[in-house]
Amino acid sequence: MYIRMKKLLFLTILSLFIAVVSVSAQSRDFIPYVSQIKVESRNNLIRLTWIDSPDARGPVYIYRSARPFSSTIPANIRPVVVRYGEQYYIDDADDMENLYYFIAASDTSGQRYDIILPRINSASLIPGQTLEEAVASAEFELPGLEPVQGISNLRASQDGERVIITFNTEGPRRNAILYRNMQPISRPQDLLNAVIVQSGIDSPFVDFPVPVPGLTWYYAVIYEDEIASGNMGIKPGINATITPVTVTSEQTAERTLRPIPLPVLTLRNTMPDSHFMTEIPEQVPLSPASTRMLRDTQMPSKVPITLKRPRVFAVDLVAPTGGEESALFQIITEYFVTLNWESARVSLQHYLSVRRSRDIEARARFYLGQTLYYTGNYRESLMEFLSIRSLHPAEANTWIEAVLSAMVY
């Protein structure tokens, strides 16, 4: 009897507890959206801040459009995904006019809530707003957040032919990877064209990029586990540089310096007139023997440059069963193997105008770099080989040396 009453009492208390929790949950509104969105700008950088939803604790989706967001999201807009808890994002845009943003929250199961609320989770860039030191201090100015653990204060400074990379780290030690690119690294897709300089770096780190006049370099340091998980938090001014670095070789600088010409010395101002002939001397022709000797003495002509032999991956010489490799195989067999460089260049540029998988794009750019090399477009060729250096370092490095030799020939 005592045990039965004890069990009944326990069930009664449990029922009351569930009822209280249910009433408490119903009394509070369900808020599946972010709030307090703000949009600020400086130069071509735009900073978005917001407060995450207390109920939808999954990643947030940032949409950008040239028109205001209404009840639906245009199907052609691809969002940027930011992890829950970051509560800010740095965007870049060439045109600062007509920029509208919408931030959608999602839950941990993957459901996204496309609830558009003006001035709450959607806003536009207001002319006149500034971003006072927002890039440098973004991780410390966010309300209600602890400083982000990771890489910060990334700096790249030129020292002769070297670039010195410095940065700060917070939290446990993790494997950091240094990326280098000729364009700013502000989004994860920018890493596709970037070169991996080295993995497992510490601050300070010294890099030796190719000292080609006119080339500028940008850097980013990202943790390897973030890359593996796909959550690459690229923050310009924090773990990615926003100021380019130009490296010049001392030998290149010496070649560009021209000696100052000597002044013309007028001897008539220093010597008497009697020392100068007043009459024009008669021109005496060369003797036949001297003429033959002069004709036979030819100045050595410049030896023609020896071009590097073309290279093709073995996989691209075998006919594929289909897919995007078929078009690349056709270009290789019809134009590249037959040394029709101009047609191959045009076809490869058209082929790369469509988004390709990473490996196939790298191979196509490897062939495009060769066609540009054989058509004399050395600067463009160098950029192509630099873009695939992380995937095919051995082949890319040999071609980079060949292009640089041709550029200074």
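A residue is called buried when its relative accessible area is under 20%, exposed when it is over 50%, and partly exposed in between, with a 1.4 Å probe and protein chains only taken into account. The structure is a predicted model, in which local features need pLDDT of at least 70 and side-chain atom pairs count only at pLDDT 80 or more, while totals for chains, interfaces and linings use all residues. Residues are numbered from 1 along each chain as its sequence is written, and side-chain values use heavy atoms, with hydrogens and water left out.

Of the 409 residues that make up the chain, 35% count as buried. The chain has ten helices and 15 strands, where helices (H or I, at least four residues) and strands (E, at least two) are DSSP runs numbered from the N terminus. Among the contacts in the chain with a separation of 6 or more, 66% are between residues 24 or more positions apart, a contact being heavy atoms within 4.5 Å.

The largest pocket has a volume of about 1,100 Å³. Its lining is formed by 38 residues, and those closest to the centre of the pocket are Pro79, Val80, Arg187, Pro188 and Gln189. A pocket is found on a 1 Å grid over the protein atoms alone, as an open set of points where a 1.4 Å probe fits, with protein on both sides within 12 Å along at least five of seven lines, and lining residues have an atom within 4 Å of a point. Grid points are joined across faces, edges and corners, and the volume is the space filled by probe spheres set on the points. Strand S3 (60-65), strand S4 (80-82), strand S5 (88-92) and helix H8 (358-374) each supply at least two residues of this lining, and S5 gives the most, with five residues.

Some details of the backbone also deserve a look. Gln36, which lies in strand S1 (residues 35-42), has a phi near 55 degrees, a positive value in a residue other than glycine. Gln36 counts as exposed because its relative accessibility is 56%. Asn153, placed in strand S9 (residues 151-159), likewise has a positive phi, near 55 degrees, and is a residue other than glycine; at 36% relative accessibility, Asn153 counts as partly exposed.
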